[in-house]
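Happy to walk through this one with you. Have a look at the fold and the pocket, and then let's take a few questions in turn.

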Amino acid sequence: RSCADPQDRQILKMFLTFNHSILLTNFFKEPTPGALSFRLNPAVALKDRPTSLYPEIPHGIYLICGRDFMGFHTRFRDVSRGGIRLVLSRDKTTYERNFATLFEECYNLAFTQQYKNKDIPEGGSKGVILPDRSWPNSNGGNVVAGASIQGPLGMRSCFTRYLDALLDCMMPEQSGIYAGHLKGRPEILFFGPDENTAGFMDLGAEHAKVRGYPYWKALTTGKSVALGGVPHDTYGMTTQSVHTYVTELLKELGEEEDKITKFQTGGPDGDLGSNEILISKDLTIGIVDGSGVLYDPSGLSRAELTRLAQRRVPVREFNRCFLGNGGFLVTVEETNVTLPDGSTWLSGAELRDNFHLTEYASADLFVPCGGRPNSVTTDNVKRLFTSDGKPKFRMIVEGANLFLSDRARGILEAAGVHVFKDASTNKGGVNSSSLEVLAALALTEEDHSSMMCYDPACGGVPPTFYETYVRQIQDTIVENARNEFRAIWTCNQRGISKVHATK
């Protein structure tokens with residue numbers, strides 16, 4: 001009451017709100033944890049926040065603070081499923097933008113996941129980890145740890161401490177922390193792979209096992225086959241659903257896949273990007289990934305793209321001798337870039353971030369398989385149209401989450417573009433995760449080891465049960481995608497937009 005400055009008063013009130021919202025924390029754990037976790041009551045933390053930003057109150061929110069990272073985990077049902085992503089920042093400006101929108105990104109990803117999980121019993125969740133503001137080109141570091149917390153060891157450390165802090169709250173008695181505010185309801189969380197974390201799923205399960213978590217086999221999904229996992233990238237689980245939407249749409253339009261052109265974000269070094277290359281038969285004219293921009297108006301060499309996808313290397317490894325007239329490869333390290341149309345760019349990184357909005361990005365089909373959330377919004381969606389007002393893409397099937405905002409989708413669909421939203425198209429991965437967990441929980445440890453686990457490094461071969469189960473998962477994903485496509489298409493024929501039909 002005695003605080004006169006409005007900003008100071010707001011800060012103090014936020015401290016009170018934060019303290020009032022805490023239901024569980026490892027803050028008082030002995031010894032001091034590697035990261036602090038706070039289970040917040042969403043009804044308190046989000047009280048009086050606009051429904052335009054937060055249309056539904058989640059079931060649970062976690063704030064996780066490490067010495068060199070910040071993170072959140074949001075879930076919309078008591079038992080929920082979704083991935084954990086590491087959000088990387090190439091420079092200080094990007095870091096500050098990512099930091100300012102970190103919770104919104106986590107909330108929106110989890111909310112999208114809630115819509116996506118319509119074929120499985122679990123609700124939607126998502127976790128985000130933002131390593132601190134050191135970046136790949138910073139000075140210092142060493143050959144072991146690298147020059148950045150965003151190096152391999154730094155990301156592993158952030159993920160481990162993030163998970164450890166959540167395990168503290170999932171095992172309050174073993175951790176020696178008070179859980180009375182939850183009224184005896186245990187916190188049961190599940191984590192799947194997402195951007196920059198696919199290689200940590202085994203680590204997560206094994207770490208939980210060491211800590212004595214009873215459901216460690218089911219804690220993470222997309223694990224290696226040695227732990228009975230069904231790796232999403234190995235079997236192209238997410239791509240199975242994304243590409244089914246493409247083929248079903250082309251079937252309705254009476255078009256052949258090998259006759260259409262495609263533009264793609266997300267490159268051959270990633271799960272979605274590589275599997276999209278391997279499964280598709282179109283004429284791909286452009287690909288953007290973290291390493292740069294690859295473009296050829298006559299179509300990129302399918303054989304060379306396949307080579308990159310099989311090796312899981314970025315577009316910077318594309319052999320320029322395969323480029324035709326007007327084609328180019330620009331890496332993010334290049335400066336003072338001039339393209340064949342005469343346009344100039346200060347750097348390859350600037351071109352990479354904006355290429356999807358240039359005149360070059362025009363094709364029959366656009367499949368975003370990577371990119372930051374809200375890369376296309378109402379502020380820039382007009383750049384997906386030609387100067388005479390025609391859309392630069394006839395079809396957009398979203399592989400990446402939240403690449404387009406809902407309002408941008410609406411503008412494109414109103415202009416005649418066939419837009420299929422992420423919450424419908426890319427749910428193959430989470431469907432696979434749900435069935436992976438079913439096997440981990442339903443089978444005894446002996447049966448799980450003999451029927452679901454094998455180690456190729458030691459000459460092991462897949463058990464018959466495992467091979468059959470994986471095929472059944474893939475068949476289920478494709479069938480679910482076909483059924484939902486038909487439902488959306490039918491609704492659209494009756495005047496309901498495809499975007500609204502997804503919900």
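Q: Which residues lie nearest the centre of the second largest pocket?
A: Keep in mind that this is a predicted model. The lining of the second largest pocket counts 20 residues. Those nearest its centre are Met14, Phe18, Arg49, Leu63 and Phe72.

Q: What is the volume of the second largest pocket?
A: Handy if you are thinking about this pocket in numbers: 20 residues line it. The volume of the second largest pocket comes to about 710 Å³.

Q: Which element gives the largest share of the lining of the second largest pocket?
A: Several elements supply at least two lining residues each, namely α1 (6-21), β3 (60-66), β4 (69-75), α3 (92-100) and α4 (102-116). With six residues, the largest share comes from α1.

Q: How many residues in the lining of the second largest pocket are nonpolar?
A: Sorting the lining by class gives two charged residues and two polar ones. The nonpolar class of this lining holds 16.

Q: Which strands are the edge strands of the open sheet of seven strands?
A: The sheet has mixed pairing and runs in the order β12-β11-β10-β9-β15-β16-β17. An edge strand here pairs on one side only, and that describes β12 (328-331) and β17 (418-420).

Q: By what angle are neighbouring strands of this sheet turned against each other on average?
A: Direction is ignored for this value.

Notes. Residues are numbered from 1 along each chain as its sequence is written. This is a predicted model: local features need pLDDT of at least 70, side-chain atom pairs count only at pLDDT 80 or more; totals for chains, interfaces and linings use all residues. Side-chain values use heavy atoms; hydrogens and water are left out. Two strands pair if DSSP finds at least two bridges between them. Helices (H or I, at least four residues) and strands (E, at least two) are DSSP runs, numbered from the N terminus. Axes are lines fitted to C-alpha atoms, for helices over the stretch in contact, and angles run from 0 to 180 degrees between N-to-C directions. On a 1 Å grid over the protein atoms alone, a cavity is a set of points where a 1.4 Å probe fits but cannot get out, and a pocket is an open set with protein on both sides within 12 Å along at least five of seven lines; lining residues have an atom within 4 Å of a point. Grid points are joined across faces, edges and corners, and a volume is the space filled by probe spheres set on the points. Ala, Val, Leu, Ile, Met, Phe, Trp, Tyr, Cys and Pro count as nonpolar, Asp, Glu, Lys and Arg as charged, and the others, Gly among them, as polar.
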